[in-house]
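Q: I have a structure open and would like to learn how to read it. Can we go feature by feature?

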Amino acid sequence: MARTELQGQGISPGVRIGCAVSFDHAADEILRIPIVADAVEGEVARLHRAAEAARGELETLRADSRGHLPDELHAIFEAQELLLQDRSLLGRIEERIRMRQINAEWAVHRVEQDLRRQFEDLDVGHLRERVDDLRDVARLLRRALGGVEAHDLAELGRDVVLVARDLTPSEAVRLGRKGVCAFALETGGPTSHTAIIARSLHLPVVAGLTGLTDLSLADTPLLVDGDRGRVLVEPDPAEREEALARRRAGDLHAREMAATRSLPAETRDGVAIRLMVNIDLIEELEEARQVGAAGVGLYRSEFLYIEKSPELPSEDEQVDVYRALVDASRPHPAIIRTFDLGGRKLAREVLETQEENPVLGLRGVRLTLARPEIFRHQIRALLRAAAGGDLWVMVPMVTAIEEIRAFRSFVEHAADELTAEGVEHSRDFPLGAMIEVPAAAVIADRIAREVDFLSIGSNDLIQYSLAVDRNNEHVAHLYQPHHPAVLRMLRGIVDAAARADVPLSLCGEMAGDPAVTPLLLGLGLTRLSVAPLALPEIKSRLRSLEVPTLRRVTERPWARRPRRRSAASRRRRRRRADRALTREPRGTLRRPREPGC
Ligand code: PEP
Ligand code: MG
């Protein structure tokens, strides 16, 4: 492909250059991996071994179901076995591996797509049925080949830019750790969990590149510029040089920023701000130490699943992780959020839930209470780790105080179990609620009376308040942290926490944006939890600010409470409104001119 510039939205900063590798998880996860000429015969042999294994699997299925299933189903298995012996199918796949020098999984995927299209175009009944057989056979073959796990992108010996329509957070972690240097995506928004993970892994991402996966980009050099939200296909030497220079400047800036580590996090007029870190992946703890964080303000424990998916992490494994967080946070607390599963987060991989609208479905604390068997080990692990340090537990997606009460009795029940077993634990940890749903923001005063602390999850609070999907690139411009409705809600939560005298922090991505730091401090927030990468920038920003000035700015009309009017004033206003409805307008308002005048 010739040099082209694709414009999207940068959702994770930085700039990197690498070769495009396609990724498709339509049915399974499928990567297109180029292979060297010497490896082609090995790849063809791998295909034939996989076909043998898939045939074996079908034979076993057919034998096991004899007597239990109707004859038609036997006929289906037979047809599929025949398909797997068919030279024209395997021959086509083999040819594709040889001609394109690509991995067998991708060759199976593309041949399946081609044949399906041909069968569907013919529009002949019995051929349409063959499409289903073909899909099953292709899936069997890919499973036998081992899929993504059979490949390590590091094998390619060069930087890889992963090109995909969309990417789940767990795919972002797994592939991000496999040698990918950047992502170029068709979908996604800056506060999506995929973007959050990419920032944790320091991988630039450009999203919103509609039609990207239809381009023939395989093996093409791509420059992913997460700062400017663009991807350059076949960048020229000057563009490459400029990207490298920016990377060097970025590294230098990060080193300079790291020097703020020893400076106090306080405003110019001496207001101390507690700057904590959000931890998604446990390896970020070292970075948190380097930037001098005042403890962990949010540990997204659900990402533990990513390491283990599709299994659950064991209770002992969890105890080790939670203890590591507590130790790393000392002398400050570590705030651990219970699994915020559901929504778009790992539901597909772990829970197998099929919800029409999962973001409004069984997620966060709703899932905790609905599926206690998943959460029992987590609560026990938290109780055990709490015995060894300052651990705070936070509940996601709270919408009602009954949820807090039910959660407390769940904890008590698990603690009684541990007492009966004679296992060391502590049930005295502070329990907090995330305020990330408008309903919770409105009743924050009541929630504050039920808990020991609150934390604002602005990512979801904005999504739900403004009805703007945080993953949807088409409405990304409407995702506005400074929308008056959001700011007014924040003001209400700050007031509620102050009246109930409970600590309040903000741990959404908004806390890590230096442009909104003045607003947050002006609203009265004094605890922020941000990604380790963002912490030095925020510290340096707040050190240049003065709170009284900010307070004046945030006393704008959107923040003010409506003036209370006297009964007489209300009557006068009503009379005026009635007059306006029944009379000709007065004053400067002119009658419309007659047409033609
Ligand atoms: C939030 O919603 O702001 C938050 C911190 O939680 P998450 O981003 O994991 O949904
Ligand atoms: Mg949230």
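A: Helices and strands are DSSP runs, numbered from the N terminus; a helix has at least four residues and a strand at least two. Leu 275, for example, lies in strand E10, which covers residues 274–279. Keep in mind that this is a predicted model.

Q: Is Leu 275 buried or exposed?
A: The general idea is a cut-off. Buried means under 20% relative accessible area, exposed means over 50%, and partly exposed is in between. Leu 275 has a relative accessible area of 3%, so it is buried.

Q: Which residues are the protein donors of the magnesium ion?
A: Look for the atoms that reach the metal. Here they are an OE atom of Glu 436 and an OD atom of Asp 460, lying 2.1 Å from ligand 2, the magnesium ion. This pair links distant parts of the chain, 24 residues apart. Glu 436 sits in the loop between strand E14 (431–435) and helix H16 (438–442). Asp 460 belongs to helix H18, residues 458–466. Both Glu 436 and Asp 460 are buried.

Q: Where do Arg 116 and Glu 112 lie?
A: Both are in helix H4, residues 104–122. They are 4 residues apart, about one turn of the helix. Arg 116 has a relative accessible area of 24%, so it is partly exposed. Glu 112, at 6%, is buried.

Q: Are Asp 340 and Arg 337 buried or exposed?
A: Use the cut-off again. Asp 340 has 0% relative accessibility, so it counts as buried. Arg 337 has 3%, so it counts as buried. The side chains of Asp 340 and Arg 337 form a salt bridge, 3.7 Å from N to O.

Q: What links Arg 427 and Asp 416?
A: A salt bridge, with the closest N and O atoms 3.0 Å apart. The pair links distant parts of the chain, 11 residues apart. Asp 416 is in helix H15 (401–421), while Arg 427 is in the loop between H15 and E14. Arg 427 is partly exposed at 31% relative accessibility, and Asp 416 is partly exposed at 43%.

Q: Which residues do shared partners join into one network?
A: Salt bridges that share partners join Arg 3, Glu 5, Asp 225, Asp 227, Arg 228, Arg 230, Glu 239, Glu 242 and Arg 246.

Q: Which residues gather in a patch of positive charge?
A: The surface patch holds Arg 564, Arg 570, Arg 571, Arg 572, Arg 573, Arg 574, Arg 575, Arg 576 and Arg 579. Take Arg 574, which lies in helix H23, residues 567–582. Its relative accessibility is 53%, so Arg 574 counts as exposed.

Q: What should I expect of backbone angles?
A: Most residues other than glycine have a negative phi, and most peptide bonds are trans. Now see some other cases. His 202 is not a glycine, yet its phi is positive, about 60°. His 202 is in the loop between helix H7 (193–200) and strand E7 (205–207), and is partly exposed at 40% relative accessibility. Asp 501 also has a positive phi, near 60°. Asp 501 lies in the loop between helix H19 (484–500) and strand E16 (504–506). With a relative accessible area of 67%, Asp 501 is exposed.

Q: Which peptide bond is cis?
A: The bond from Arg 330 to Pro 331 is cis, with omega near 5°. Pro 331 is in the loop between helix H11 (315–329) and strand E12 (334–337).

Key:
Residues numbered from 1 in each chain as written. Chains lettered and ligands numbered in written order. Predicted model: local features only at pLDDT ≥ 70, side-chain atom pairs only at ≥ 80, totals over all residues. Heavy atoms only, no water. Patch = residues over 30% accessible without salt bridge, like charges linked within 9 Å, V, L, I, M, F, W, Y side chains within 5 Å. Areas by Shrake-Rupley, 256 points an atom, 1.4 Å probe, with all protein chains shown as cover. Salt bridge = Lys/Arg side-chain N within 4 Å of Asp/Glu carboxyl O. Lys, Arg positive; Asp, Glu negative; His and termini not counted. Charge placed at Lys NZ, Arg CZ, Asp CG, Glu CD. Buried < 20%, exposed > 50% of the residue type's maximum accessible area, 1.4 Å probe, protein only. Donors = N, O, S within 2.8 Å, 3.2 Å for Na, K, Ca; no water.
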